[in-house]
Amino acid sequence: MATALTSGAHLPQTSLLQSGLHLYQSAILVHSSNLWADRLSQVSEIHLTVDMRKPGDHAILKATFGSEKNGLHRRGSKLVVHFWDTVRSGFIKQPSTSVTGPRDAELSEDVPFNDADVVIIEKMHPDGTREKITFSSNVAVNVQELEQLCLKVGWPKRAQSKVEAAIKNSFMVASLSLVRESSQPDGRPNEVKRELIGMARATSDHVFNATIWDVLVDPCYQGQGLGKALVEQMVRALLRRNIGNITLFADSQVVDFYKNLGFEADPEGIKGMFWYPRF
Amino acid sequence: MATRVPLSSASPEHQKYAFQHSIEVNLAGLASRRSNLRWTIRSSLAASCFSTPPQGAWKPWLCAPCSPSAASQSTLGVTETEAEAFGVTETGSFSVSDETLLARGFELHNSLQGIDLDHLNDLFVKVGFPRRQKQKLERALQHTSSIRWLQEVKSHKLVAFARATGDDVFNAIIWDVVVDPSYQGLGLGKAIMERLMVDLLSKGITNIGLYAEPNVVGFYKPLGYIADPQGIRAMAYSRKGK
C-alpha cells in the first residue's frame, strides 16, 4: 500500500536539498519528457509518495495538474525521479534531465511567482475530512491573520500599515497553511478552510542577494518539523529564482537549526553587524 | 516593567526582552519641529531596538531634554541636523559636510540616474569584488531602495558606492560598500555610509544590518555597528552541503 509521505520524520525534506543522502536506499529517477516539462507549469500541487511494500523500488511521483485550482483533475503518473538531479538542481532546470524552472531569459523581467504549492503533511480522517499543511510562496497573506500569529508566538505588536507595507516590499512571502477539506455528503463541492500557521519572508534585490526575516510557526504546530520545511521550501523557491546569495541573521539558539538546513555561520569569516543608536 | 518575550525567529528586531517603558514627554521641550522629529525617532527606536545595549547600561535619553542645534542647509537638500536627529554622529553633523565634499571635487548622488554601470563594475573589480553581468546589475539596482555614490567631478570617476535593500519599513541590509583604493583614507566611505544611514532612518527603518569581511569590521565600528550583537550570527546558504 502506498503511503502518503508525511512529515520530515519519514522523508527529511533536507535530503532533497543536500546531496549524499539516500531515500530508502532507492534512487529516484526522473524522466524528463517534454510532456512532463510542459505540464509542470500547470502543476499546482506535488505529492511524493513512497511505495512501502518494496523498499528499494522506485518512488511514485504524483502530480495534480490543472490551470486553475478549481478545474483540477488528478492524474497519477508513475515517473521515476533521478535523485541526484533533483538534489543538484533543486528542481531548477538541468541540461540532461530538465525538471524545469523558468529560463534565465524569462527571469530578466519580473515574472510573478507561479510556483506550485507544496504539501508538507497530509492526513486523511476516517470521516472523510482531509487535512493538509501546505507551503506556498505566492499566496497573499492576510495581515490580520498574520498579526494573530505574531501575537501567538509572543512578538511585540506592530502597526498594521507598516506590516502591510513590509509585506508588499518583500521579495517573497512564504506561508504555511492548514487546509481542511471536509467532504460534503450529497455530492456538493467540498468545504475548504484555510488557516495561516506559519510565515517567513525574504527581502532581496531580485538578482544577487536575499535575506530571510521573520520566520515563525504557530506554537500549536511546532515540533513537527514545519519550521524546517518552511525554510527549506523557501530556500528552494529562492534558488529557483536564481538568487545566489541567501542570507539571514540567526539568534544564538537557532544557529544549529539553520546549520542543519544548509546555512553556514560567519561564512569566510564574514561578520553580521547591526547598527545601534548611541547618541 | 520588563516583559519577557519568547524567541521564535531569526529576526533580531524581535528581542528576548521587550521592555514597555512609559514614555514621558517633556512637552515644554518640544518647541521646534526638529525636536519633535528627534523624539519620535527615538521612541520608535526604543520600541524596536535591543532594550539593553551590550555595554549594559540603559541610556535614559528618552526623557532627556532636547537641545536644538544650528541648522545648516546644504545645496544637496540634506540638512546637517538630520545627522543629529537620527543619532548617526555624535557631533550632530556629518563627518564630512556636503560643502567639503564639493570643495574637494566630489559630487554626491542618491539615485541611479547618471550612473555608469561599467565604471561601477570596474570599481567592484578594483576592490576585489566579482564583476557582475551588466543587465543583472541594473536590475538589482532598480530593486534597491537606497543608493549613494560619489563621483569625482573632474574625472567623472565613480569613486565610492553603497546601497541598501530591505522592506523599507523595518529592516535594511547594506551591500556593496566600496571606495576606490586610490581615494581611500579621505573619509569618503564614511561620508557615503552616514548619508545612507540617515536615508534609512528617515524612513523609520531601525534595524540596519550588514555583512562585513573581517578586515573591514573596524571601518563599521566607529559608525555605530556592532558585530554579533547578543550572539546573533550572520548565516548564508551554502550548496556545499553538510
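This report describes strand pairing and helix packing in a predicted model.

## Basis

Residues count from 1 along each chain as its sequence is written, and chains are lettered from A in the order in which they are written. Local features need pLDDT of at least 70, side-chain atom pairs count only at pLDDT 80 or more, and totals for chains, interfaces and linings use all residues, while side-chain values use heavy atoms, without hydrogens and water.

## Strand β9 of chain B

Helices (H or I, at least four residues) and strands (E, at least two) are DSSP runs, numbered from the N terminus. Strands pair if DSSP finds at least two bridges between them.

β9(B) spans residues 233-237. Four of its five residues are buried, so it is largely enclosed by the rest of the structure (buried: under 20% relative accessible area, 1.4 Å probe, protein chains only).

Chain A supplies β10 (residues 245-250), joined antiparallel to β9(B) by four bridges. Here A:A250 faces B:R233. β11 of chain A (residues 263-265) also pairs antiparallel with β9(B), over three bridges. A:E264 stands opposite B:A236.

## The seven-stranded sheet

An open, mixed sheet runs β3(B)-β4(B)-β5(B)-β6(B)-β7(B)-β12(A)-β8(B). β3 (106-109) and β8 (225-227) of chain B are the edges; each has a single partner strand, so one side of each lacks a neighbour in the sheet. Twist averages 25° from one strand to the next.

β3(B) meets β4(B) (residues 146-152) through four antiparallel bridges. B:F106 is opposite B:E152.

## Helices on the sheet

Axes are lines fitted to C-alpha atoms, for helices over the stretch in contact; angles run from 0 to 180 degrees between N-to-C directions. Contact means heavy atoms within 4.5 Å.

Helix α4 of chain B (residues 117-126) lies across β5(B) and β6(B), at about 90° to β5(B). Helix α6 of chain B (residues 188-202) packs on the sheet, touching strands including β12 of chain A. Its direction makes about 150° with that of β4(B).

Note on methods:
Buried means under 20% relative accessible area, exposed over 50%, partly exposed in between (1.4 Å probe, protein chains only).
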